[in-house]
Amino acid sequence: MRTWFLCKVKYAKENEQGLLKNISEQYLVDAISFTEAEAILYDRLASQIRGDFQVTGISKSNIVDVFFYEDADVWHKCKISYMVADGESGKEKKVTQYMIVTAADVKEAYDRIQESLGNMLVSFRVPDIVESPIIEVFPYERDEVAEQLPEGNFRPVSEVTQQDEE
């Protein structure tokens, strides 16, 4: 299961008048740990932010899924509710999850979350959608991990277990 970390970054940004103004921005990072989330931020933001920046906070996010559409750059946080039957007691229980989606406005965010979750087997409601302060989302990228591995005879575990069974 993915773990999304909400990260706050502070830096000095030049405005239209040429004055430096301290700003704080939020980013969402898919990482295994707080340390990895911070490392990803420093790696990605070093080329985007001129000058020094500082990671001022990292916390686990309650976001469970991210839906990115290329035609929009504003993130909207959507609250999703649905009912599931408890396996032991058989009673129905309400589940609430949060997801984010890029959209131009709240209506488009609603339409896109409906489209993205259209294949769910249970019916769901979208009781709340708000514009999120998140500037950018950094999903986990498998290629980055592969680049960090030392050279060697690495194979997927599934291949190794298949050979052992034969």
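Trainee: Leaving aside its neighbours within four places in sequence, which residues is S81 in contact with?

Mentor: S81 is in contact with K94, V95, T96, F124, R125 and P127. The word contact means heavy atoms within 4.5 Å. Before we go on, a word of care: this is a predicted model, where local features need pLDDT of at least 70 and side-chain atom pairs count only at pLDDT 80 or more, while totals for chains, interfaces and linings use all residues. Residues are numbered from 1 along each chain as its sequence is written, and side-chain values use heavy atoms, with hydrogens and water left out.

Trainee: Where is S81 found, and why is it called buried?

Mentor: S81 sits in strand β5, residues 75-85. Strands are DSSP runs of E with at least two residues, helices are runs of H or I with at least four, and both are numbered from the N terminus. As for the label, buried means under 20% relative accessible area, exposed over 50%, and partly exposed in between, with a 1.4 Å probe and protein chains only. S81 has 6% relative accessibility, so it counts as buried.

Trainee: What makes K21 exposed, and F34 partly exposed?

Mentor: K21 has a relative accessibility of 53%, so it counts as exposed. F34 has 40%, and therefore counts as partly exposed. K21 belongs to strand β2, and its contacts beyond four places in sequence are Y11, A12 and K13. F34 lies in helix α1 and, with the residues up to four places away set aside, touches F5, I58, S59 and K60.

Trainee: How many helices and strands does the protein chain have?

Mentor: The protein chain has four helices and eight strands, and along the sequence they follow the pattern β-β-α-β-β-β-β-α-β-β-α-α. Buried residues make up 31% of its 166 residues.

Trainee: How do you know that the buried residues of α1 line one face of the helix?

Mentor: Let's name them: the buried residues of α1 are A37, I40, L41, R44 and L45. Seen down the axis, they fall within an arc of 105°, so they line one face of the helix. The arc is that of the directions from the helix axis to the C-beta atoms. On the other side, T35 and D43 are exposed.

Trainee: What puts the buried residues of α2 on the same side?

Mentor: In helix α2, residues 106-116, the buried residues are A109, R112, I113 and S116. They cover an arc of only 100° around the axis, which puts them on the same side of α2. On the other side of α2, K107 and E115 are exposed. The buried residues pack against β4 (63-67), β5, β6 (92-102) and β7 (124-131).

Trainee: Which residues touch the most other members in the largest nonpolar core?

Mentor: That core has 16 residues, and V9, Y27, V29, L41, L45, I49 and F138 touch the most other members. β1 (4-14), β2 (20-30), α1 (34-45) and β3 (53-60) each give two or more residues to this core. Another core, of 15 residues, lies apart from it, with Y69, M99, A103 and I129 among them. To be a nonpolar core, a set must hold buried Ala, Val, Leu, Ile, Met, Phe, Trp, Tyr and Cys residues joined through side-chain atoms within 4.5 Å.

Trainee: Why is the pair of Y27 and F138 called stacked?

Mentor: Rings of Phe, Tyr and Trp (its six-membered ring) pair if their centres lie within 6.5 Å; planes under 30 degrees apart count as stacked, over 60 as edge-to-face and the rest as tilted. The rings of Y27 and F138 have their centres 5.9 Å apart and their planes at 10°, so the pair is stacked. Y27 is in strand β2 and F138 in strand β8 (residues 134-138), 111 residues apart, so by those DSSP runs the pair links distant parts of the chain. By this rule the count comes to four aromatic pairs.
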